[in-house]
Amino acid sequence: MADYHFVYKDVEGASTQWDDIQRKLGNLPEKPPAFKPAPFSPANDQASLPKDKSWIDEKTEQDLEDLEDNPDLDDDRFLEEYRKKRLAELRETAKVARFGSVVPISGSDFVREVSQAPADVWVVVILYKEGIAECGVLMQCLEDLAAKYPATKFVKIISTDCIPNYPDRNVPTVLVYNSGAVKANHVGLRSFGRRCTPEGVALVLCQSDPVLNDGQSGNGRSRKAVIDGVRQRFIEKVVTEHENDDDGSSSD
């Protein structure tokens, strides 16, 4: 009959009296510390954290609208007022950002898109023809200005779609509208100087009215303020180009 040997193992971390004697004599290594789990710490509940301005700033427009009847704001008048202020800012930003490029329109769109534009919106219309180089040059300048001044509306329309039999010799033509009326018209590329640049076009457009609006300075800006801004951008561009030229020459 086979012998059976049983090994009894005590619970982890337990020690016998014999083992303790042997450790005192140095015959056994020190007993490892018993495993002790880290104290339990519940995760932070985001809903229970204190609310402040940064909490509002992280919200989207839709989030802020959804918070209108939120009980967390019922007892916090400051946060509720700040929510309303922030929501108004986001809506105003979205309103400004509705432009930003030169949008093509047809003859049937003209009244709605140009003549009936809101009174606080200036509209710059370019009459052009495909295949005419001068139109391409001016169009590029207007695209640049449209991106810089997204609160000004820029549209383009084929000249004969806007005015039947309009002579090709007159294109490109730029019309400036506000409150449903023509405020200025510029016929031909030469109207914008010998060297047509976005900055030069901007100065011509603002000769008599504050046509260009970047949406950051309010709608009540004067013509002088707009022109000063255009000149400042022109100076910054010249300085940047000069610095880039210097960097290129030094690397050769």
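Visitor: Lys-129: buried, exposed or partly exposed?

Guide: Lys-129 is partly exposed, at 21% relative accessibility. Buried means under 20% relative accessible area, exposed means over 50%, and partly exposed lies in between (1.4 Å probe, protein chains only). This is a predicted model, where local features need pLDDT of at least 70, side-chain atom pairs count only at pLDDT 80 or more, and totals for chains, interfaces and linings use all residues. Residues are numbered from 1 along each chain as its sequence is written, and side-chain values use heavy atoms, with hydrogens and water left out.

Visitor: Which residue does Lys-129 form a salt bridge with?

Guide: Asp-168, with the closest N and O atoms 2.9 Å apart. A salt bridge here is a side-chain nitrogen of Lys or Arg within 4 Å of a carboxyl oxygen of Asp or Glu.

Visitor: How many salt bridges in the whole structure?

Guide: A search finds 5. Some share partners: Asp-109, Arg-112, Glu-113 and Lys-153 are joined into one network.

Visitor: What does Glu-113 do with Lys-153?

Guide: Their side chains meet in a salt bridge, 2.7 Å from N to O. That pair links distant parts of the chain, with Glu-113 in helix H5 (residues 110-115) and Lys-153 in strand E3 (residues 153-158), 40 residues apart. Glu-113 also forms a salt bridge with Arg-112, where the closest N and O atoms are 3.5 Å apart.

Visitor: And Lys-153, buried or exposed?

Guide: Buried, at 12% relative accessibility. Glu-113 is partly exposed at 22%. Arg-112 is partly exposed at 47%.

Visitor: Why is E3 largely enclosed?

Guide: Because 5 of its 6 residues are buried, E3 is largely enclosed by the rest of the structure.

Visitor: Which strand do 3 bridges join to E3?

Guide: Strand E1 (residues 102-104), which runs parallel to E3. Val-102 has Phe-154 in E3 as its bridge partner. E2 and E3 also pair in the parallel sense, over 6 bridges. There, Ile-126 stands opposite Lys-156 in E3. Two strands pair if DSSP finds at least two bridges between them.

Visitor: What do E2, H6 and E3 make?

Guide: A right-handed β-α-β unit. Right-handed means that, with the strands pointing away from the viewer, the path from the first strand over the helix to the second runs clockwise.

Visitor: New topic. Which residues make the nonpolar surface patch?

Guide: Trp-18, Ile-21 and Leu-25 make a patch of about 360 Å². Patch residues have over 30% relative accessible area and no salt bridge; like charges are joined within 9 Å, nonpolar side chains (Val, Leu, Ile, Met, Phe, Trp, Tyr) within 5 Å. Areas come from the Shrake-Rupley method with a 1.4 Å probe; for residues, only the protein chains shown count as cover. Leu-25 lies in helix H1 (residues 17-25) and is exposed at 59%.

Visitor: How many helices and strands in the chain?

Guide: The protein chain has 9 helices and 5 strands. Buried residues make up 31% of its 252 residues.

Definitions and conventions
Helices (H or I, at least four residues) and strands (E, at least two) are DSSP runs, numbered from the N terminus.
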